Amino acid sequence: MSKSEMTKLDRMIEEALEGEDKRVFAETGELGYFALGLSQFGGKLGWVTWVIMILQGAMFLAAVWCGIRFFGAAEMLPALKWGLSGAVLALMAIQLKLSLAPQMQADRVIREVKRLELLVATKGK
């Protein structure tokens, strides 16, 4: 289904809804990437996202610090120590941030299921 067909379908569904259903339909509208990402900071599990992002930020800053020390090292052993530490911290920071992607996808699917439920409910009237 093309984007214009989806927009037309969304308009038709919105016109068919009344009152409470219209409010629910508006709340389940498709979110952009950044809006969906920011929505992870609220709700019952919002605290988990905050903890993950604080840890990720700390690891990223530590990786940058290790990288600076790596490039400033004059001998091989300190360079190896700082380089490996920085690389491991950077990889861990990336992995922590990517751990939020499945929850974002699950939220996207749940929103679409709610939209389908509304569509089915309007067909039954």
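T49 lies in helix 4, where helices (H or I, at least four residues) are DSSP runs numbered from the N terminus. The model is predicted: local features need pLDDT of at least 70, side-chain atom pairs count only at pLDDT 80 or more, and totals for chains, interfaces and linings use all residues. Residues are numbered from 1 along each chain as its sequence is written, and side-chain values use heavy atoms, with hydrogens and water left out.

**Surroundings of T49**
- T49 counts as buried because its relative accessibility is 5%; buried means under 20% relative accessible area, exposed over 50%, and partly exposed in between (1.4 Å probe, protein chains only).
- A polar atom of the T49 side chain lies 3.0 Å from the backbone oxygen of Q40.
- Apart from neighbours within four places in sequence, T49 is in contact with Q40, F41 and L100, contact meaning heavy atoms within 4.5 Å.

**Surface patch and L55**
- L45, W47, V51 and L55 make a nonpolar surface patch of about 430 Å².
- Such patches are made of residues with over 30% relative accessible area and no salt bridge, with nonpolar side chains (Val, Leu, Ile, Met, Phe, Trp, Tyr) joined within 5 Å and like charges within 9 Å.
- A salt bridge is a side-chain nitrogen of Lys or Arg within 4 Å of a carboxyl oxygen of Asp or Glu.
- L55 is found in helix 4, residues 46-72, and counts as partly exposed at 43% relative accessibility.

**V64**
- V64 is also found in helix 4 and, at 37% relative accessibility, counts as partly exposed.
- The C-alpha atoms of V64 and A87 are 9.4 Å apart, with the two 23 residues apart in sequence.

Definitions and conventions. Areas by Shrake-Rupley, 256 points an atom, 1.4 Å probe, with all protein chains shown as cover. Helix = DSSP H or I, 4+ residues; strand = E, 2+ residues; numbered from the N terminus. Polar contact = N/O pair within 3.5 Å; in protein donor to acceptor, adjacent residues only side chain to side chain.
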